[in-house]
Amino acid sequence: MSERANDKKTLRNIVIFSLVVLSCGWIGRLVDMKAGTDDNGSLGMLIWIVSPLLTMVILRSFMGDGWKDFGIKPSLKGNSFAYMASILFFPILAAIMIVIGHQLKWLDAANLSSSFLAAFGMALIPSFIKNMFEEFAWRGYLAPRLYSMGSNRLFFHSCVGLVWGAWHIPYTFTIMHTTESLITFIPRMLIGVIALSVVLGEIWIMTRSVWPALIMHTIGNSVLDTLFLGNYLVVPDAYEYLVMPTSGVIPIAFTALAGLWLYRRNTKPNTPSRSA
């Protein structure tokens, strides 16, 4: 197959993948409305979570994408920095948010105690399982397929982030808990997800493996969800837009700076680009 024909097939499959994942959440919400349920663990939410992974399997197995760039190998050799960044990124982000938020009275950390560590540990396995469905789709399919077309790096990170962020919209208030209006929350949330996609995408480029992103996503959910949804950190409604995960101005700024630093680091001359 010629390179042009292969690019057309890849683009076709990317469009199919994007349309399916952007539809599945709304289909899930419709199922939940018909069933009269709207809680975590609903049938609609299951459709929403599982559909991207199933779509990826179909496209790779039966529609010509193949599995070569799936990134199932951990690629540990020579990638200690990438794995350390994946492990430490969200704990460092949480520490920055706590220090700044506490100093400026944007959040109350009075409930933070040693019990957080146990709660964090208990969240790891469920988060890991849930994020396999996400990361095997986003960094296991959409990122490598876009990258294979030779797109500008920041453009392809932004495309991944935009699709990934829009995928969250149907269940935004089920999983993110905010008192803010959709009109202001969703655009900022999308910006936050795009910034995070730059970080995850650059780490994927360093390793060509899905595992660092899966580790980072798992630790991030376990740290931040436990802190905020477990009420270890309490944020007044007036300051949600500043410090809440993904949508807060502070975490978005830190994530964007980290992503741009990784991008510049990875695009320096003589920076090796590893294969799976």
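**Notes on the predicted model**

1. Surface to start with: the protein chain exposes about 13,500 Å², with carbon and sulfur atoms supplying 69% of that area. Areas come from the Shrake-Rupley method with a 1.4 Å probe, and for residues only the protein chains shown count as cover.

2. Bear in mind that this is a predicted model, where local features need pLDDT of at least 70, side-chain atom pairs count only at pLDDT 80 or more, and totals for chains, interfaces and linings use all residues. Residues are numbered from 1 along each chain as its sequence is written, and side-chain values use heavy atoms, leaving out hydrogens and water.

3. On secondary structure, the protein chain has 10 helices and 0 strands (DSSP runs, H or I of at least four residues for helices, E of at least two for strands, numbered from the N terminus).

4. Buried residues account for 49% of the 276 in the protein chain; buried means under 20% relative accessible area, exposed over 50%, partly exposed in between (1.4 Å probe, protein chains only). Along its principal axes, the C-alpha trace spans about 60 × 55 × 35 Å.

5. Take contacts (heavy atoms within 4.5 Å) in the protein chain between residues at least 6 apart in sequence: 79% of them join residues at least 24 apart.

6. Now the cysteines. There are 0 disulfides here (a disulfide is a pair of cysteine sulfur atoms within 2.5 Å). For Cys 24, the closest cysteine sulfur is in Cys 159, 18 Å away, so too far for a bond. Cys 24 counts as buried, at 3% relative accessibility, while Cys 159 counts as partly exposed, at 23%.
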